[in-house]
Amino acid sequence: MSISRPYKDLPWSWDTKSPETLQNDCQWLESLVKNSAPFSDGWVKARIVQLAYKCPNSPDFPQSKNRGKSANRKPMSTAQLLAYGGKLSEKEIVEALQWECGQYCQTHPVADFSYFHKMVDEKYVMATLNSWCDRHFSEKSARNFEIYQDLVYPNVFLVISTAPISLYVDRQLPPQDRFRALFNVDEFAEIVGEGFCDRMTLRTHGYATSAATFYDLFRNEAKALNRQESSPDSGLKDNHFYIGYHWPSEQPFTSPGLWKDFSNNWGVIFKFSFVLSGFAGIIGTGLYGMVKLLGLPLFKGLEFLPLIGPIWKGIQLSAVGLQWYWVVPPLFILWVLLMQCLRVLVYQRDRYRAIHYGAPDLAEFFWRLDRALNPQAVKTNQDKKTAPLTPVLGSIEAENQGSVSLANHAVSGSKAEIGVNLVGHSMGGLLLVNTLRILSDRFGKDEEDIEDPDGGEFSKIGDRLRLDKLILASPDIPLEFLREGRNNYVRSAMRRCRQIYLMSSDRDIILRYMPTLGNWFSEPSIEMSAYRLGNVYLQPLDDRYPDTNYRPYIRNVLVSQAAANPTSAYDLFERFNYIDCSETIGVNGIFWPLKSHRGLAIDLINTLMFLLSLTYSRVFGQLDLHGGYFLTHTATFKILKLLISLNQSESEINEGIQKLIPGTKIRFLPRQPFLTKD
């Protein structure tokens, strides 16, 4: 199908009458290229526009004409100058991109960009340039996620949210010698069809996990999961895809985004300091008045008492300090230190990005993938008269490209459903629950209109994807969310999963203390900030509970309480399969049984051992009180491997877990209506 060409002949020249716009456009295009996967859809579109323009430093744009902020820009490097090709036709742009791809493949011989060669032709280039001219380039080139394929294990993939951790810091892409970028979700759908994929497991990380850290951890997991052992159900099969999802998280204190934000926003810092000093002055004045008008007269009147006399003499010696209004400066300094400590710990920053960036981007990945896999969308899109080019796979992503997707008979010819397992660690569990909420809103959430979740339509997210297992490892989810009145979206989201497994530890000090501090001002109730689902542990029961061995409890500092009281409204607690890893190697360093008088001592000793293990790992071994579930040598990882590998009934999976836990101090409670047994 032909495309009209409304723009003038190539090459284009920059508008020298608006140098500031020119510089901003150049920086924008350069940022898109620098922060996108090479030869992915978004990267190619930015390169097409660059190749269509003459170099900004050419005679068509003398630098002497620069004015204002644009004049302060540093001279362009040689690489930046060569990026603007000034090509004479769409054909030359295609040839230039193919040459760049050939040069890239010389240094990365394993990489395969066949889909890029199929997609990028003169029509694709013309459609991209049209979108630039009609000012729709941003919406048609922006991608909220990128997909990479592992060059070692073809069934392993990375999905990455394109939201940066900071506007002033470039994204850290996966190592190019290990992962190749897919062109878009349509290429991934084609791989799914060609590989006859029938199951996917998506694993996401938690708080304070940088991109580089996650890539290293994920590669180790992929190696361990693809290692075939004696058991026929161990390891991933070729038709089982393992996907790692990275959302924009950053490490405390050392993240460059923290300090870039400070250095680029002095005006905001001044405003923050001004407001904080005002509060310090108001509250300090009140404290000063109370001490001066109430406290000092009270002590003076009681100075004859034996205990008050020495205190009054000390106050008299320091009373001069009150004349200098000593309350305000210490109050202001303490507030600044506290609030900046909370900021550099990045807990609230990560929580915001998980909910508002990570969850929507992951939900978009799933519905775009389902759209690309859906054979019924082919005819629907072909009937659209407004689309100049029809994407055969039916993906909205292809529609936005304005280009033709090649037919994928392996995908469109099959209507088999694909099971989806979701594995979330820490704040990643909160992200998954919010993702399921978004998908529930898109694909229906009326419980009265949906069949039983064990075999009906409730677990479907679209036409081809069906939710199977939800595995939460130390999830940073308020325990109260599962209760009536607080579970408005958690209930509908979690009930879409056919099986739910909770891996938790009462000795996870990060989850026990950090959310309490970080969410003290933001959670609707104090209890929500204090108790997290990932700190649930299993306490052995006495003779009053003959039908089961354990009951879920949660610990404060010293004392414990039941995680859920027996009522008819706590059906979500009954749907969990509980795996208590509190005393397990990898997530715990001290193996004392939990007693009320030992709780604080266990936390302190574990903290010390964790800090020592960071430096002396050979002596203390690998210890991660918060994320040790994914250490590949541990029993917890063997259970994870079993859960995602087996595609059997829940009772058979539970039997497999029972065979793995002897000698590991792991406690396991399969789902059952235990809460009514009181």
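# Pockets, cavities, a sheet and ring pairs

By class, 14 nonpolar, 13 polar and four charged residues make up the lining of the second largest pocket. Here Ala, Val, Leu, Ile, Met, Phe, Trp, Tyr, Cys and Pro count as nonpolar, Asp, Glu, Lys and Arg as charged, and the others, Gly among them, as polar. The model is predicted: local features need pLDDT of at least 70 and side-chain atom pairs count only at pLDDT 80 or more, while totals for chains, interfaces and linings use all residues. Residues are numbered from 1 along each chain as its sequence is written, and side-chain values use heavy atoms, with hydrogens and water left out.

**Second largest pocket**

- The second largest pocket holds about 1,000 Å³ of space; a pocket is an open set of points on a 1 Å grid over the protein atoms alone, with protein on both sides within 12 Å along at least five of seven lines, and lining residues have an atom within 4 Å of a point.
- A volume is the space filled by probe spheres set on the points, and grid points are joined across faces, edges and corners.
- The lining has 31 residues, of which Phe 610, Leu 614, Asp 624, His 626 and Gly 627 are the closest to the centre of the pocket.
- Helices H9 (211–225), H20 (509–518) and H23 (599–615) each supply at least two lining residues, and H9 gives the largest share, six residues.
- Helices (H or I, at least four residues) and strands (E, at least two) are DSSP runs, numbered from the N terminus.

- Three cavities of 30 Å³ or more are present; a cavity is a set of grid points where a 1.4 Å probe fits but cannot get out.
- The largest cavity has a volume of about 70 Å³, and its lining has seven nonpolar, one polar and two charged residues.
- Strand S4 (199–204) and H25 are the elements that give two or more residues to the lining of the largest cavity; the largest share, four residues, comes from H25.
- In helix H25 (residues 635–645), 10 of the 11 residues are buried, meaning under 20% relative accessible area with a 1.4 Å probe and protein chains only.
- The second largest cavity has about 40 Å³ of space, and strand S3 (residues 179–181) gives the largest share of its lining, three residues.
- Among the residues that line the second largest cavity are Pro 38, Tyr 104 and Tyr 148.

**Open sheet**

- Three strands form an open antiparallel sheet in the order S9-S10-S11; two strands pair if DSSP finds at least two bridges between them.
- S9 (536–540) and S11 (560–562) are the edge strands, each pairing on one side only.
- S9 and S10 (residues 550–555) pair over five bridges, and Arg 551 in S10 is the bridge partner of Gln 539.

**Aromatic pairs**

- The structure holds 28 aromatic pairs; rings of Phe, Tyr and Trp (its six-membered ring) pair if their centres lie within 6.5 Å, and planes over 60 degrees apart count as edge-to-face.
- Tyr 104 and Phe 113 form an edge-to-face pair, 5.6 Å centre to centre with 70° between the planes, and both are buried.
- The planes of Phe 145 and Phe 365 stand at 80° with ring centres 5.6 Å apart, so this pair is edge-to-face.
- Phe 145 lies in strand S1 (residues 145–150) and Phe 365 in helix H14 (residues 347–373), 220 residues apart.
- Phe 145 counts as buried at 5% relative accessibility, and Phe 365 counts as buried at 0%.

Terms used
Buried means under 20% relative accessible area, exposed over 50%, partly exposed in between (1.4 Å probe, protein chains only). Rings of Phe, Tyr and Trp (its six-membered ring) pair if their centres lie within 6.5 Å; planes under 30 degrees apart count as stacked, over 60 as edge-to-face and the rest as tilted.
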